[in-house]
Amino acid sequence: MAKVNPIQLQKHLKGVDYPASKEQLIQHAQKQGADDTAISVLNELPDQEYESPTDVSEAVGEIE
């Protein structure tokens, strides 16, 4: 799997209302112009609610 820059990923998720579902994160990132790599990483996340940007970063770190 391609690595995604965690800082860049968080830029794409800026403004998300937490808690957010995996699907909400993907939709928000797409609206923010996230590239295919970032979207594919978000698609790999467990299907759950994320309470904060830290939760997302930790989950991304576990799948890479």
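Keep in mind that the model is predicted.

Let's start with a helix pair. Two packed helices are described by the angle between their axes and the distance between the axes. Here the pair is α2, residues 22-31, and α3, residues 36-44. Their axes sit 9 Å apart, at an angle of about 175 degrees. Anything over 145 degrees counts as roughly antiparallel, and α2 and α3 are therefore roughly antiparallel to each other.

Which residues in α2 and α3 meet? From α2, we have Lys22, Leu25, Ile26, Ala29 and Gln30. From α3, we have Ile39, Leu42 and Asn43. By type, five residues of this contact are nonpolar, two are polar and one is charged.

Stay with α2. Its buried residues are Lys22, Leu25, Ile26, His28 and Ala29. Look down the helix axis, and these buried residues fall within an arc of 165 degrees, so they line one face of α2. What covers them? The cover includes α1, β1, α3, β2 and α4. Just after α2 comes Gly33, with a positive phi of about 85 degrees.

Next, helix α4, residues 53-63. Which of its residues are buried? Val56, Ala59 and Val60. Down the axis of α4, the buried residues keep within an arc of 100 degrees, so they too line one face of their helix. They pack against α1, α2, α3 and β2. In residue numbers, α1 is 6-12 and β2 is 49-50.

Now to single residues. Take Gln10, in helix α1. Is Gln10 buried or partly exposed? The cut-off for buried is under 20% relative accessible area. Gln10 has 21%, so it is partly exposed. Setting aside residues up to four places away in sequence, Gln10 touches Tyr18, Pro53, Val56 and Ser57. Val56, remember, is one of the buried residues of α4. With Ser57 there is a polar contact, side chain to side chain, at 2.9 Å. One more distance for Gln10: Ala38 is 28 residues away in sequence, and 9.9 Å away in space, C-alpha to C-alpha.

Tyr18 brings us to the backbone. Most residues other than glycine have a negative phi, and most peptide bonds are trans. The bond joining Tyr18 and Pro19 is cis, with omega at about 0 degrees. Where is Pro19? In the loop between α1 and β1. Strand β1 covers residues 20-21.

Last stop, Ser21, in strand β1. Its relative accessibility is 18%, so Ser21 counts as buried. Beyond its neighbours within four places in sequence, Ser21 is in contact with Gln48 and Glu49. Ser21 and Gln48 are 27 residues apart in the chain, yet 5.8 Å apart in space, C-alpha to C-alpha.

To recap. Helices α2 and α3 run roughly antiparallel. The buried residues of α2 line one face of that helix, and those of α4 line one face of theirs. Gln10 reaches Ser57 through a polar contact, and Ser21 touches Gln48 and Glu49.

Notes
Residues are numbered from 1 along each chain as its sequence is written. This is a predicted model: local features need pLDDT of at least 70, side-chain atom pairs count only at pLDDT 80 or more; totals for chains, interfaces and linings use all residues. Side-chain values use heavy atoms; hydrogens and water are left out. Axes are lines fitted to C-alpha atoms, for helices over the stretch in contact, and angles run from 0 to 180 degrees between N-to-C directions. Helices (H or I, at least four residues) and strands (E, at least two) are DSSP runs, numbered from the N terminus. Angles under 35 degrees count as roughly parallel, over 145 as roughly antiparallel, 65 to 115 as roughly perpendicular and the rest as oblique. Contact means heavy atoms within 4.5 Å. Ala, Val, Leu, Ile, Met, Phe, Trp, Tyr, Cys and Pro count as nonpolar, Asp, Glu, Lys and Arg as charged, and the others, Gly among them, as polar. Buried means under 20% relative accessible area, exposed over 50%, partly exposed in between (1.4 Å probe, protein chains only). The arc is that of the directions from the helix axis to the C-beta atoms. A polar contact is a pair of N or O atoms within 3.5 Å; within protein, one must be able to donate a hydrogen and the other to accept it, and residues adjacent in sequence count only if both atoms are side-chain atoms.
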